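Dear colleague,

Please find below the structure that I am handing over to you, followed by an account of what was found in it. I would be grateful if you could read the account with the structure open beside it.

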Amino acid sequence: MTPIKMISTNSISKTVSTTQGQLEILKPISFDVSEGESIAIVGASGSGKSTLLSLLAGLDEVSSGEIFIDGQAMHTMNEEQRAQLRGAKVGFIFQSFMLVQSLTAIENIMLPAEIAGLNDARSKALKLLQLVGLDHRAKHYPNQLSGGEQQRVAIARAFITQPKILFADEPTGNLDASNSDKVEQLLFDLNRELNTTLILVTHDPKLAAKCQRQLQMHAGALSEITSSENAE
Amino acid sequence: MKQAAFNLAWRLFKHETKRGELTIILLAIILAVGSVLSLSLFSERLQSALTAKSAEFIAADRVLDSRNPMNEQWLAKANEFGLQTAQQVYTRSMVFANDKLQLSELRAASSTYPLKGKIKVSDVAFAQGAFTEALPQEGEAWIESRLLQSLDVKLGDEIEIGAANFTISKVLVEVPDAGFNIFGGDPKVLIPLDDLANTQVTGPGSRVTYTAFFSGSSANLNDYYDWLRPQLDNEIHRWKSIEDDNSPIGNAVSRAEQYFLLASLLAIVLAAVSIAVAAQRYSQRHYDPVAIMKTLGASKNMVQQIYLLQIIFITVLGIIIGSVVGFVLQQLVVWALADSINVSMDAWHWRPLIIAIFTGSICALLFSLYPLLKLFSVSPLRVLRRDLGANLSSRIIQFIASGGAIFLLMWAYSENLTISAILFSSGVLLVLALLLVTYGLIWLGRAFGQGRMSAWRLAWARIHRRALDNSVQLISFAITIMLLLVVLVMRNDMVQQWQDQLPQGTPNYFLVNITQNQQSELAQHFEARKVNVEKFYPVVRGRFVAINGEKIRTAVSKEDEEQQSSGRDGLGREANLTWSDELQTGSRVTAGHWFNESPLSDTLDTEQYGVSVEERLAERLNIKLGDELTFNIGSEVVQVRVTSLRDVNWQSMRPNFFFVIEPKALAHFVPTYLASFYLPKEQKSELTQLMLPFASVTLIDVDARIDQLRNIVEQVSLAVEFILILVLIAGSLVLVAQVQASMDERQQELAILRTLGAKGRLIRGSVLCEFIIIGLTAGLMAAVFNELSLYLLQSQVFQMEAKLHWQYWFIAPVAGALVVSFLGALSCWRLLKLNTSHLLRQMV
Ligand SMILES: Nc1ncnc2c1ncn2[C@@H]1O[C@H](COP(=O)(O)OP(=O)(O)OP(=O)(O)O)[C@@H](O)[C@H]1O
Ligand SMILES: [Mg+2]
């Protein structure tokens, strides 16, 4: 069967205006991602990886081109509609964790579920917290947790709404080797379990290699390197 | 959706309160509500206490003077309104005894007089006297010592007033509503109102003032006045309270009231400023959570609900705590004052609480409006691009919303457009000037902030980089300092003026009717006893007959009697004329020139001498500069030309005259003299000895009056002092909160510098420099705009003479720099004590 297209882009580009005039930070890019696929975006610093991610996730608007997420035309949506789409279909993990400092671990995990108006946010959150091995830290605030622990909380938070797509920008960038391993492990396990589509930006070739496809960013342009051997 | 927003808002509120993240904004609201409540409650209570106390000086809370007999129905109606009433009738009448006669001020009082204050009587002349609740019985009269002296009578003797005889049963020492223009008044005679008819002195043609006194709660008084007002005739009736009474007491009280109002208004502005600063900080701290929530799919609507709810929670909590704090603070001051201000302050006023709650909520909501709008506009992209702030750039909304809110609040509270407009416009000008300065600082920062890293350069670089962000801070420092200056300097000027009014050694006795022969003898006699007679004023009795040859109809002082409660005897058919080369203290030439300065005096023919006329009299009789006035003195006719008009303070407790004539014009008349001297209390017993050789000289004792005046002015000053202290405390707290908030903003930068290995000394030095620069600028600007608002306030509202206060142009910047940098250093030290990883952890 032909895989369902989860993400489909048609020559999207991003231009920003600076004091020195217009700057094209993303050249027109087209590619598709099927459901359940895992994709790594690699490239030098400043090559435009985060920019691409922000467009795919609907955090920013494209300057031109089309993006379809799960069949919905995101490029036609306004911020409100994109927010709704994000809440319904997308999960996030960031390099700097991005937990709400004044909410406890469990409350951070509950946050997307509550925003989406789901009922049993707390029990779902508890289950996920157990899954990431932090149930004993439920009532701790982010600044009482280590970086690795915070990232595990962030992962739990990303999965609570069972998103169709998960975006991760350097999820292990701030972590040491052993913490990185733990986080990667969790990420891929949950990803597989829930059949989530994963878009992952990383500098780490090892992590990139675990993904089915690797895309290379270079000065705002995208090229496909490999289809990984994991591909079925 | 609603439920989720509420849950989230509540959760954030709970945790953030517990974690101390809301401390600053919460403190700002508590401070706002607390200071507005304590200040306005305290001043309302103090004000009603002072008004109650000073009401003694008009013997009632309200007085209705009438030239016609009092309408009895009005009095009955007043009783229905729950008011107490009393009546008194004044007239001037001759009193006869022992074949002597003396003009006196006859007061016929009803049995309930006085409603406020007490009458003082004694059994011997010129004694201190004691308070009494009683009044003269039927057929009895109480008379002043002077009258005993001039009629040569004693207690138990009979005197004749009009068609009736009275037995002197007490020496009248003092009545509460005697006024302060003691000089020139005729001695008082107090008789029962019921006996007045027998005297037949109030017949047609005689000048009589009928007075009704009212006292009761201010609500009842106001209701009654609302009922009465339509029936009053301006020509005949005059309704007054102590504030309307143009006496030193009335002036002091009404000025104090304005001061309290000013202080409360300043508290409102201070509150607003501190909330504005805190709200900005609050909003900045929440950029990340908002970006995160938006990223996770929260709609704008939901974010708005969450944060509006949170602000409401904070406001409610702040208002509750603030009200308690404000009440306790105010109660403490009341207790502390209980011994010094001997009036009960139990009255509870609702208005301050309502105003405080309004101030708290309106400030909290309106001042967080712009920061919140900014917050709502934070892009979710911030989660990826950390430097992204909010992208709402227009500050206009902020200025209009917050400025309008402050102005409306001030106006609503003060119900005084002038004060509100003055304070507000000087504030706005200050803000504009500071924005200019901000751009100047940006420019300076660019110039100074480059080169090798030193504390000085670092400070300038920081100012440069954050100048716009920090303009709010600079503005808030400057406004706070300016407001503190306004209350401080205003208080100093006011108290100074009160003290100048009655300096130590103010003459407390007057001598009238000193003959020319007695003058030098008396001077020597007094000098030998080390009593200093200030000055002898020559007095000639004359009759004022014509203006520019046109005869004047009747006596000059008809309206004058109603004009001044105490000045009613200033001028009868006969006027006291004096001559003098120099202007009396307390008088001021308002038009024309004083004699020796007059350019006209040489050019006029020698027969035509000058006269200086009291301004208000001149206005009433339509006397202009250059008019020719005619007086009959003895058998002679004297014509003089008006060369100047004078503003006379009739309440100064000094000799004052309607007409002062150029000395040469009266050179050949034989005057009597009038003099005043100061006798310390402990020498009072020498008075009889002192006066013994001069039996014909009349002594007027104003010592008790001066004491009363001093006493009330001292209490008012004390009250003003306490208000000042309250404002200073509130202001300092605002400053502390501001520094704290700005330190908070600097935390991240400090952490980074620290991480990079910058020495504590460098960091401290740079922070210190930065605060010194900000403090100096704020202080200087505050001093400038303090002058502006003081000038406007003093000339437009307080009716004082405005002057510059150069010393504050120096004090304010120095104090500003010292205080701000001290507070800054303090919180900087605290930050530097924490270790670096802790610092980094605290920031997101
Ligand atoms: N709003 C903007 N204005 C100006 N330049 C921008 C803007 N957004 C991104 N850029 C530039 O676009 C380029 C791509 O940025 P992006 O953050 O996507 O890089 P990246 O590949 O994620 O780098 P890194 O690996 O360091 O995270 C950078 O050079 C950045 O400076
Ligand atoms: Mg990046």
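Helix H1 of chain A gives the largest share of the shell around ligand 1, namely three residues. This helix covers residues 49-56, and together with strand E1 (5-18) of chain A it belongs to the elements that each supply at least two residues of that shell. Please bear in mind throughout that the model is a predicted one.

The ligand site

Ligand 1 is placed between chains A and B. There are 13 residues around ligand 1, and those that come nearest are Ser45(A), Gly46(A), Lys49(A), Ser50(A) and Thr51(A).

In Thr51(A), a side-chain N or O atom is 2.5 Å from an oxygen atom of ligand 1. For Ser50(A), a polar atom of the side chain lies 2.7 Å from an oxygen atom of the ligand. Gly46(A) takes part through its backbone, with an N or O atom 2.8 Å from a ligand oxygen. Ligand 1 would expose 630 Å² if taken alone, and the protein buries 65% of that area.

The interface of chains A and B

The size of an interface is often given as the accessible area lost when the parts come together. Between chain A and chain B, the buried area is about 2,800 Å², and carbon and sulfur atoms give 64% of it. On the side of chain A, the residues that lose the most area to chain B are Met98(A), Glu114(A) and Ile115(A), which together make up 23% of what that side buries. In terms of contacts, 35 residues of chain A meet 32 residues of chain B.

Side chains of opposite charge can pair when their charged atoms come close. Two salt bridges are found across the interface of chain A and chain B. Glu114(A) forms a salt bridge with Arg11(B), and their closest N and O atoms are 2.7 Å apart.

Which elements of chain A supply at least two residues each to the side that touches chain B? They are H1, helix H2 (79-89), strand E6 (90-94) and helix H3 (105-116). The residues on this side divide into 15 nonpolar, 11 polar and nine charged.

Salt bridges in the whole structure

Over all chains, the search finds 27 salt bridges. Within chain A, Glu224(A) and Arg213(A) pair through their side chains, with an N to O distance of 2.8 Å. The two residues are 11 residues apart and link distant parts of the chain, Glu224(A) being in strand E10 (residues 221-227) and Arg213(A) in strand E9 (residues 213-218).

Backbone features of chain B

Two loops of chain B deserve mention. In the loop between strand E3 (100-109) and strand E4 (119-122) lies Pro114(B). The peptide bond that leads from Tyr113(B) to Pro114(B) is cis, its omega being near -10 degrees. Asn98(B) has its place in the loop between strand E2 (84-97) and E3. Its phi is near 50 degrees, which is a positive value in a residue other than glycine.

With kind regards

How values were computed
Residues numbered from 1 in each chain as written. Chains lettered and ligands numbered in written order. Predicted model: local features only at pLDDT ≥ 70, side-chain atom pairs only at ≥ 80, totals over all residues. Heavy atoms only, no water. Near = heavy atom within 4 Å. Polar contact = N/O pair within 3.5 Å; in protein donor to acceptor, adjacent residues only side chain to side chain. Areas by Shrake-Rupley, 256 points an atom, 1.4 Å probe, with all protein chains shown as cover. Helix = DSSP H or I, 4+ residues; strand = E, 2+ residues; numbered from the N terminus. Contact = heavy atoms within 4.5 Å. Buried area = accessible area lost by both parts, 1.4 Å probe. Salt bridge = Lys/Arg side-chain N within 4 Å of Asp/Glu carboxyl O. Nonpolar A, V, L, I, M, F, W, Y, C, P; charged D, E, K, R; others polar.
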